[in-house]
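These are my notebook entries on a two-chain model. I set down below what I looked up, entry by entry.

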Amino acid sequence: MHETAIVEGLMRILEEQAAQHRVTRILSVTVKVGRLRAVEPQQLIACFEMFAEGTVAECARLVIDSMPVRARCKACKMEFEVPRFRFECPGCAGGDVAVIQGQELYIESFEAGSG
Amino acid sequence: MCDNCGCSITDANRHLVENDRHTIQVLEDLLHENDQQADHNRSHFDELGIFAVNIMSGPGSGKTSLLEATIHALPPGLRLAVIEGDLETENDAERIRRHGVPAVQITTGMACHLDAHMVHKALDQINLKAVDILFIENVGNLVCPASFDIGQHSNVLLLSVTEGDDKPAKYPVMVRAADQMLITKIDLLPYIEEFSVDRARAAVRDIRSDLPVTEVSAKTGHGLEPWLEWLTAMSAMRRTMARRQRRSHDYVARQAR
């Protein structure tokens, strides 16, 4: 359940941002989550609903933008999506690859409104 | 009306209250606070030339037994300390202390992983000036610990032969995070015909082709040499780097005078 720690971080950011921008109601929140972060979307949403209660983000919708894993082959420079954690270059079958996407774990934006 | 909290926004009427909605871009890391603390921990280690190793595995893979065997097998000059992470009990720290090595137990309560703040608090209880290698034994869990930087230099992943050779394929994120992998309890291999070392290695290779994998037995000491050599070399490198850093600080300070 590392999702609780992640949502704690999210709530801290939201409350800071809401105060800074004088926002009284948050309608939705978009987070980018890479597949390499092993975050379970349903757990993240359940935690968020629980933590948001009684805050400016109460009843806000959590939108999880799940980022597939992408890698670049160090040998032939080909970029490809990594299927099911099989880190093998489809071009040259090389295994020495650099991850270029899939490690994301950040809040992209939130929608504010009055209500 | 929202039945859960009475906030009165539903998908049907959401548009009515959202006329003045506007989007605010943030782009902040959700684990920012933890990562900052982890960098702080790492700067303590770097300054003092300590090699910090995060040891991760499922429960019961033999993390503490490996540490006990390692304590006895490492060259005597190296000064060790251990931080133990568990949900409850002091058992593991007590096991380490019996070998004359300082150990601090972190009991996380409900948390399934160590975070950088917990580790920092534990550092207060260790005389870091008298440490060359700090082992941080994470909570037994193959998912959560991989997400939390605690200030370590290297991640070591243990897989015991009793767990099954498809574990790497089932927990790929952990394998990606590792810098070293040890297949432990290799002395039990003759009794566990279901476990194939080749299959386990192939599963690792698919996920991370350059991950060094070593078969070891903490009980018999079999196969520990590469692991001990790696620790010794990494520790020597950390000490050299710290010396160089100190020298350049001294130089800058002298020039400023």
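**Entry 1: the strand pairing across the chains**

Helices (H or I, at least four residues) and strands (E, at least two) are DSSP runs, numbered from the N terminus. Strand β6 of chain A, residues 105-113, is joined to β1(B) by six bridges, and the two run antiparallel. Two strands count as paired if DSSP finds at least two bridges between them.

I note that this is a predicted model, in which local features need pLDDT of at least 70, side-chain atom pairs count only at pLDDT 80 or more, and totals for chains, interfaces and linings use all residues. Residues are numbered from 1 along each chain as its sequence is written, while chains are lettered from A and ligands numbered from 1 in the order in which they are written.

**Entry 2: the interface from the side of chain B**

I found 37 residues of chain B in contact with 34 residues of chain A; contact requires C-beta atoms, placed from the backbone, to lie within 7 Å. At least two residues each on the chain B side come from β1 (22-29), α2 (32-48), α7 (172-177) and α8 (197-207). The most come from β1(B), with eight residues. By class, I recorded 18 nonpolar, seven polar and twelve charged residues on the side of chain B that touches chain A. Here Ala, Val, Leu, Ile, Met, Phe, Trp, Tyr, Cys and Pro count as nonpolar, Asp, Glu, Lys and Arg as charged, and the others, Gly among them, as polar.

**Entry 3: chain B as a whole**

I read nine helices and eight strands in chain B. Of its 257 residues, 41% count as buried; a residue is buried if 20 or more other C-beta atoms lie within 10 Å of its own, exposed if 12 or fewer, and partly exposed in between.

I then turned to G58(B), in the loop between β2 (51-56) and α3 (63-73) of chain B. G58(B) counts as partly exposed because it has 18 C-beta neighbours inside 10 Å. Leaving out residues up to four places away in sequence, G58(B) touches G140(B), N141(B), L142(B) and E163(B).

**Entry 4: positive phi in chain A**

Most residues other than glycine have a negative phi. I found a positive phi of about 70° at C59(A), which is not a glycine. C59(A) lies in the loop between α2 (41-52) and β2 (61-67) of chain A. Is C59(A) buried or exposed? C59(A) counts as buried, because it has 21 C-beta neighbours inside 10 Å.

Conventions
Contact = placed C-beta atoms within 7 Å.
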